[in-house]
Amino acid sequence: MSSPTLLKTDPSPPLIWTTLLMAAFLLLVPQVLLTSVFGFYAHLIDMPNVGQWLVSIEVQMKLMLIASPLTAALVILFTRTFGTSSDNWQSILLYLSIKSCSKRDIITWVLASIALWVLMALLGVVADLPEEEFMLMVRDSNTSPLLIFIVICVFAPVVEELVFRGFLFRRFQQTWLASTGSLIVTCALFTLVHGAQYTLVGLVFILIIAVYLALIRWKTRNTSLCIIAHATNNALSMVALYYFY
């Protein structure tokens, strides 16, 4: 007996504009919803300078901490609804390309990520580039370093890779854009999402990281390795930020 197909085999491919709407929903709705809730709470208790409080690093970290599982849940819901023909976890993980990783692959991409990070750091030193203001604000805030580490080095890599290299990469890949177009669009969206945090120079580095992660996804067909590479890069950045800047 043949096993049932886990991915939908609808002959009509997904539309690009509907996938862009899904991307906007995944990236904006959880954050906007939670920001509204936090703002309502602040007004309820007559907190002064609500706007300044909402954009503080501590509140932003807490927002990301709460928004991350909501976004992950939406990714799973969208995958189940639009990507798979079965509601079991195997089909969902298959669509998102979440797979087990060999020790060799983990070591290879961790070392590659370290090498890329070192090259970018050396480029920054040679070009005498100042540290990004957002990163300095993170370092100088009164927010718990443990909370920052959990959000930036664990939650962000997992959720961002589920969204960009998992759901969106697969979804765009199924359109006429194919793999090359999907790589370009997801890299552009990833960079755009970080636009409010970084300067133009910083966004160039973000784009380099985005292309690197997309190439891992394209070459290995394994989003899990993208998560590992992303987490490695963020962890190195946090160590450098707190101990070398």
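Helices and strands are DSSP runs, numbered from the N terminus: a helix is H or I over at least four residues, and a strand is E over at least two. With that in hand, take Asn 142. Asn 142 sits in the loop between α6 (133-140) and α7. Its relative accessibility is 80%, so Asn 142 counts as exposed. Exposed means over 50% relative accessible area, buried means under 20%, and partly exposed lies in between (1.4 Å probe, protein chains only). Asn 142 and Ser 56 are 86 residues apart along the chain, yet their C-alpha atoms are separated by 9.9 Å.

This is a predicted model: local features need pLDDT of at least 70, side-chain atom pairs count only at pLDDT 80 or more, and totals for chains, interfaces and linings use all residues. Residues are numbered from 1 along each chain as its sequence is written, and side-chain values use heavy atoms, with hydrogens and water left out.

Now step back to the whole chain. The chain has 10 helices and 0 strands. Its pattern along the sequence is α-α-α-α-α-α-α-α-α-α. The C-alpha trace spans about 65 × 50 × 30 Å along its principal axes. For 245 residues, a compact globule would have a radius of gyration near 18 Å; the chain has 19 Å, which agrees. That radius is taken over C-alpha atoms, and the globule rule is 2.2 Å times the number of residues to the power 0.38.

Of the 245 residues in the chain, 42% are buried. The chain exposes about 13500 Å², and carbon and sulfur atoms supply 70% of this area. Accessible areas come from the Shrake-Rupley method with a 1.4 Å probe; for residues, only the protein chains shown count as cover. Contacts tell us about the fold too. Contact means heavy atoms within 4.5 Å. Take the contacts between residues at least 6 apart in sequence: 77% of them join residues at least 24 apart.

Of the 29 residues of α7, 21 are buried, so the helix is largely enclosed by the rest of the structure. Helix α7 covers residues 145-173 and has a kink of about 40° at Ala 156. The kink lies shortly before the proline Pro 157. The bend at a residue is the angle between two axes, one fitted to the seven residues ending there and one to the seven starting there.

Ile 148 belongs to helix α7. Ile 148 counts as buried, at 0% relative accessibility. What does Ile 148 contact, leaving aside its neighbours within four places in sequence? Its partners are Met 61, Val 138, Ser 141, Thr 143, Cys 153, Met 238 and Tyr 242. Val 126 is another matter. Ile 148 and Val 126 are 22 residues apart along the chain, and their C-alpha atoms are separated by 28 Å.

A disulfide is a covalent bond between the sulfur atoms of two cysteines. Here the term is used for a pair of cysteine sulfur atoms within 2.5 Å. How many disulfides does the structure hold? The count is 0. Cys 226 is in no disulfide either; its nearest cysteine sulfur, that of Cys 101, is 9.4 Å away. Cys 153 is buried, with a relative accessible area of 6%. Cys 226 is buried as well, at 0%.

Next comes helix α4 (residues 89-96). Its buried residues are Ser 91, Ile 92, Tyr 95 and Leu 96. Seen down the axis of α4, these residues fall within an arc of 130°, so they line one face of the helix. The arc is that of the directions from the helix axis to the C-beta atoms. Trp 89 and Gln 90, on the other side of α4, are exposed. The cover over the buried residues of α4 includes α3 (57-83), α7 and α10 (223-243).

Thr 79 is buried, at 0% relative accessibility. Beyond its neighbours within four places in sequence, Thr 79 contacts Thr 84, Ile 92, Tyr 95, Leu 96 and Phe 167.

Finally, look at the backbone in two loops. Most residues other than glycine have a negative phi. Ser 97 is not a glycine, but has a positive phi of about 60°. Ser 97 is in the loop between α4 and α5 (103-126), and is buried at 3% relative accessibility. Arg 221 is not a glycine either, and has a positive phi of about 55°. Arg 221 lies in the loop between α9 (200-220) and α10. At 58% relative accessibility, Arg 221 is exposed.
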